[in-house]
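Hi everyone, thanks for coming.

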Amino acid sequence: MRAFSYTRATAPKQAAAGATGAGVKFIAGGTNLLDLMKLDIERPSTLIDINRLKLDRIERTDEGGVRIGALVRNTALAADSRIRSDYAVLSRALLSGASPQLRNKATTAGNLLQRSRCPYFYDTTKPCNKRVPGSGCAAIGGFSRNLAVMGVSDACIAQHPSDMAVAMRALDAVVETLGPDGTERSIPIADFHTLPGDTPHIETVLKPGELITAVTLPKPLGGRHLYRKVRDRASYAFALVSVALVETADGRRIAFGGIGAKPWRVEAAEALDTPRAIAAAAFAGANTTSQNAFKLPLAERTLAAALAEASAQERQA
Amino acid sequence: MQSDRETGGVTRRGVLAGGAAGAAVMGAGPLVAQDTPAKAAPITPVATMLTVNGRKQRLTLDPRTTLLDALREHMQLTGTKKGCDHGQCGACTVLVDGQRINSCLTLAVMHDGDEVTTIEGLGTPDKLHPMQAAFVAHDGFQCGYCTPGQICSAVGMLEEIKDGIPSHVTADLDDVAFSDTEVRERMSGNICRCAAYPNIVAAIRDVQGQRA
């Protein structure tokens, strides 16, 4: 690991104000950042430890939703009684991700910022436009079984790895931030992650030094909440395909994981009648390789299973 | 859990550490010099206080030092094992303020003021922790390398079930109960390549039975 200077921040404004220089990174749980630093992929010159910022509470909002502090750990978020009862899709998504040890450390904001698990992003002997802009993409024409089929570009086909963010996308979460100059922003999660285009190293709309302070969820939707995840082993693996489903009397929300360069939701497809029609609309313009084309029928079948399970739950209720 | 000193002064660990020093003396400089990159930025050590197994430890650390390396290299608590060093195997699992974490994926300086419990702090050879005793009774280990992490993880896991924290296999998020299925899911962050899993599950079931 390369040398860096380390400071502990005690207040959000102090943390953001100190983060404007090149190479400055915040560290919270550190479960992804330290892994990447050991591999010489992330090379921060300064780490600002934000664990003392007291952003670890889950509170009601005036609108009847909840505000999740940036530093709430994944375990605490999944286990929170309001999240379990009112936003179960989020609990389920969190519990399907990583291992208990990692969930005990990983934070809400860190999860939104975790980097892709594209094997070529991790392999520093191979070109990767996300790791070294302009160096090329070894994934295109390479081992691409796990990689994205939606939102990809000629420069990058990396998948977004998060389960949590997929559920938050279905719930229309909003990311709250604090800039180095003290400016606060509320960014809908739909706009938070960016598509690779020809700048795959830029993954979010965050500006230099901008600190995530919280994620808010709108008031509860009610209905059935399901998260189905398909992967190569029963636990502790990233999704090949996942589906976040919220089925209410007024309509449904569907977001896919493992499919896109960012959490993938197509609102216009949600009102269609059959899994086939929904998948056809959601995945129009898919860009597959011979190795990952299976994700499209797999996603359709995973959605069909989730919809069937929601119906079965409704009949039982 | 025998200490280095009890084996007559010459230990495998001591020989390995001494061997590295000897190589440096004999002029194999580049091998050991890898610790310091050619154009290293100046390193400012950071003062950190940890309470490890009930003992206060004041350390001044290169901020790059992981909690795992601080335990093994600075406190000589080598019970905690370095496996993959990337959070994938669970061998380095310790309890921090009662919660299990991967000590390889966190910096020691991030834990200033925290309480850390390692395998050495759970029990002693004379007075084993119930989970240690159950692993012995059920032969929950073969090569034993994953065992300290498995045991710390199992201890943390039973608390998580007691606290009503659900898992991926919990059918009703509000109805958390002990079962073998829950154990298998909740121990999935600890990999054992000898595949002692059935015995590990049996050991954990035994301890849960004693507690219930």
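Let's start with B:C84, which is partly exposed, with a relative accessible area of 29%; here buried means under 20%, exposed over 50%, and partly exposed in between, using a 1.4 Å probe and protein chains only. Before going on: this is a predicted model, where local features need pLDDT of at least 70, side-chain atom pairs count only at pLDDT 80 or more, and totals for chains, interfaces and linings use all residues. Residues are numbered from 1 along each chain as its sequence is written, chains are lettered from A and ligands numbered from 1 in the order written, and side-chain values use heavy atoms, without hydrogens and water.

Where is B:C84 found? In chain B, in the loop between helix 3 (67–74) and strand 3 (93–96); helices (H or I, at least four residues) and strands (E, at least two) are DSSP runs numbered from the N terminus. B:C104 is 20 residues away from B:C84 in sequence, and 8.7 Å away C-alpha to C-alpha.

Over in chain A, three strands make an open, parallel sheet in the order 1-3-2; strands pair if DSSP finds at least two bridges between them. Strand 1 (5–8) and strand 2 (24–27) each have a single partner, so one side of each lacks a neighbour in the sheet. Four bridges link strand 1 to strand 3 (residues 46–49), and A:S5 has A:T46 as its bridge partner.

Finally, the largest nonpolar core has 49 residues, meaning buried Ala, Val, Leu, Ile, Met, Phe, Trp, Tyr and Cys joined through side-chain atoms within 4.5 Å. A:M168 is one of the members touching the most others. A second, separate core of 31 residues includes A:L34 and B:L61.
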